[in-house]
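Please keep the sequence and the model at hand while reading.

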Amino acid sequence: SILFDLPPTYDGNYKKAIDSSRLDPEDYLRLAHIKEDERKVLINLAKEITKGLNSDYDKLIAIHNWVTNNIYYNYDAYYSGDYGITDAYGTYENRRSVCQGFAELTLALGRAVGISTRLVSGYALGVGTKNIWDEESLTSSSNHAWNEAFVDNRWIIIDTTWDTFNKFIDGEFIDGMKRLRYFDISLQYFSATHRIINNR
């Protein structure tokens, strides 16, 4: 038989996943942090995206796909060190942001249709890293944000940033490949590239 080593992040991620699974999903439905007029726009958008869909799982896929198709990773902001607008409405209106904006918009759209959704901060082996789990990457503070949503009586992982290759760079919007790899991904596979720091 063939055995594969678990990523060095897996045990910590598993413990955080178990701990956070005990949290009440009802605590992750509010949108009070978004201004009323902006909240209305996002609620209407979420309803339009999920129109005709019955299951929360299908609604989440539709939200994921809308975000990955319509929002662009802001490389200009990332490379300048000034991440700019990262709130849900600003990301929607400007069509671009860094990972925080992707996660804030995904959270707002999920909650807008009654799906408990939370923001997760962590460390990911992406742009600006050495792409390996070493002492530095295993102890560094957060460099990435993504989401978890409660459907079918379980929390699932959603990373819309890592599922799109749309980019905004040198002032231009460039369409890229989209995928569903980081939607409802297994914790073991996810742990190969992501380390959870806070998923509460």
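## A buried threonine and its contacts

Contact here means that heavy atoms lie within 4.5 Å. The model is a predicted one, and in it Thr-106, a residue of helix 6 (residues 99-112), is in contact with Ile-63, Val-67, Thr-117, Asn-147, Ile-158 and Thr-160, once its neighbours within four places in sequence are left aside.

Is Thr-106 buried or exposed? Its relative accessible area is 1%, and because buried means under 20%, Thr-106 counts as buried. One of its contact partners is Ile-63, which stands 43 residues away along the chain, although the C-alpha atoms of Thr-106 and Ile-63 are separated by 7.0 Å.

## Salt bridges

Side chains of opposite charge can pair when their charged atoms come close. The structure holds 8 salt bridges, among them the one between Asp-163 and Arg-179, with 3.5 Å from N to O. This pair links distant parts of the chain, 16 residues apart: Asp-163 lies in the loop between strand 5 (154-158) and strand 6 (167-169), whereas Arg-179 lies in the loop between strand 7 (172-174) and helix 8 (187-190). Asp-163 is buried, at 0% relative accessibility.

Salt bridges with shared partners join Lys-15, Asp-19 and Arg-22 into one network.

Strands of a sheet pair through backbone hydrogen bonds, either parallel or antiparallel. In this model, 4 strands form an open sheet in the order 2-1-6-7, and their pairing is mixed. Which strands stand at the edges of the sheet? They are strand 2 (96-97) and strand 7, and because each has a single partner strand, one side of each is left without a neighbour in the sheet.

Strand 1 (residues 72-74) and strand 2 run parallel and are joined by 2 bridges. Tyr-73 has Ser-97, in strand 2, as its bridge partner.

Key:
Residues numbered from 1 in each chain as written. Predicted model: local features only at pLDDT ≥ 70, side-chain atom pairs only at ≥ 80, totals over all residues. Heavy atoms only, no water. Salt bridge = Lys/Arg side-chain N within 4 Å of Asp/Glu carboxyl O. Buried < 20%, exposed > 50% of the residue type's maximum accessible area, 1.4 Å probe, protein only. Pairing = 2+ DSSP bridges.
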